[in-house]
Amino acid sequence: MNEDYLWDKSGEPDPEVQQLENLLAPLGHKPGKPPAWRLPIWRRPAVILAIAASVLAIFGAVWMVRHNNRPAWHVAVVEGTPSITRLAKGGSISTDAHSRARIGLDEVGEVRVEPNTRLSVVAMQADEHRLALEHGTIHALIWAPPGRFFVNTPSAQAVDLGCEYTLNVDEKGVGLVRVSVGWVAFENNGRESFIPATAACLTRPGKGPGIPYYEDASAALIDAVHRFDGNADQPAVGVIISETRTRDAISLWHLLRRVSPADRGRVYDRLAQSIAVPPGVTRDGVMAGDAKMIDALWDTLDLGNTSWWRMWKSRLPK
Amino acid sequence: MAIVLPNSGYDVENTIALFAAVNRPQQLQRSLVERARDGSRTAFGELYEKYARMVHGLLLARVPHSEVEDMVQDVFLLAMRRLSSLRDERAFAGWLAMIARNQAIDYHRRAPKTAELEEGMLRANPPAPEAFKALDAVRELPEAYRETLVLRLVEGLTGPEIAEQTGLTPDSVRVNLHRGMKMLREKLEGRAAQ
């Protein structure tokens, strides 16, 4: 037997093997077409792509619905060309010299955005609705409970205490709040000013909230307050003391906490002339910065109890 | 010397060789398998063309001739459905052979016995009756020899092709051919003498 031929058909054909090959070959496989075969439908690229596209479309639709249902300030154009209709967290609105808008949130209130203003939404939570005023002017009418609506300015946050007010930030970042109804607090790094209706207050970059004053105070007093806010001008302290009416005790109370120890005595003396100093409060104690005595002085201003102030202050975001 | 497992027809050498062979790099096969797995009917056609004779031979060694062509188609369709489960594409040939053998076993579990010779004679150009007799003689050989001889004598594959397509080593195929041919010759001579 030719082993080579049996192995790989090389060499001289082995007659016996060749005879068997010829005999058995008709039983072998006949070349033909392979069976019809296709990938299962769920594995075909087109189907996979279609499924992926459908999933993406569903997720996209869900995202759109959820996105549109996110809490957002509704924007109404009062004048000009602001084009957005919703203002969600992270969004902002800008007005030019010829446009103004009004944004509203049912559970918070309404804010009018004046020309040349840029305003953005920093937070939208049940207990904290926070805007940031980069520059320009807003007028806020807030009906949310006190301590839930805030406006950041470059040098302080304005905390609404249930009120209506106008807030302006100029090109240098200096903020001015003018309160029409209720109260506003300016706060920055522990420095705070409480501004009642018909009063105003400046806040300056690098210095923070200034001394609040009633807008019907004398021009000399207002000028002196601004000078003191700007550079702690010592002569201004004398003007404030001399120009103070009884009603302006709120300015003296704030000044008491900010003047140098050398001036604190005469500020206290002027304040003591305007109000009835409560029992337990002494000049020495106030000069030493006794917090309880200073709080007791506030209570005599007829601007609300200090416990009320502490209540909303405890709700300030840390 | 080959160690033959009782009642199996396989020897241990062949089994070890099979597992060694399935790990051999076979670049062409790998790319065809990959493409078929991705749904390429062209690649499927090439795999069919390349391995159909092997599958036909493995089936013919076990089931009636009249059933084999349909079963070849079934084996390929089944393999394509399961192709995504084949982790090592280099093992495709041995894996396909295993499917063919299992299909043959399934056939015997469920199919009634038929008179193969009659069916063969119903064809338009039936093989000679002597062909079926020779095939019967081959089928009486131990399984390892039976498969190898069918692939060589019926399907016309060479020894190296049998080794490549079944996953056996060339040495195992050579031994199977030699011993199988010797046993077949003895059987045929014995029948002729009767």
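Let's start where two helices of chain B touch: B:Ala93, B:Gly94 and B:Ala97 in H5(B) meet B:Glu164, B:Gln165 and B:Thr166 in H9(B). "Meet" here means contact, with C-beta atoms, placed from the backbone, within 7 Å.

Before going on, a word about the model. It is predicted, so local features need pLDDT of at least 70 and side-chain atom pairs count only at 80 or more, while totals for chains, interfaces and linings use all residues. Residues are numbered from 1 along each chain as its sequence is written, and chains are lettered from A and ligands numbered from 1 in the order in which they are written.

Back to our pair. How do the axes of H5(B) and H9(B) cross? H5 covers residues 92–110 and H9 covers 159–166 of chain B; their axes come within 6 Å and cross at roughly 85°. Axes are lines fitted to C-alpha atoms, for helices over the stretch in contact, and angles run from 0 to 180 degrees between N-to-C directions. That makes H5(B) roughly perpendicular to H9(B), a label for angles of 65 to 115 degrees. The contact of H5(B) with H9(B) has 2 nonpolar, 3 polar and 1 charged residues. In this scheme Ala, Val, Leu, Ile, Met, Phe, Trp, Tyr, Cys and Pro are nonpolar, Asp, Glu, Lys and Arg are charged, and the others, Gly among them, are polar.

Stepping back, chain B has 10 helices and 0 strands. Of its 194 residues, 42% are buried, meaning 20 or more other C-beta atoms within 10 Å of a residue's own, again placed from the backbone.

Finally, how do the two chains meet? In chain A, 23 residues are in contact with 33 residues of chain B. On the chain A side, H1 (3–8) and H2 (15–24) each supply at least two residues, and H2(A) gives the largest share, 5 residues. That side divides into 14 nonpolar, 2 polar and 7 charged residues. Thanks, everyone!

Terms used
Helices (H or I, at least four residues) and strands (E, at least two) are DSSP runs, numbered from the N terminus. Angles under 35 degrees count as roughly parallel, over 145 as roughly antiparallel, 65 to 115 as roughly perpendicular and the rest as oblique. A residue is buried if 20 or more other C-beta atoms lie within 10 Å of its own, exposed if 12 or fewer, and partly exposed in between; C-beta atoms are placed from the backbone.
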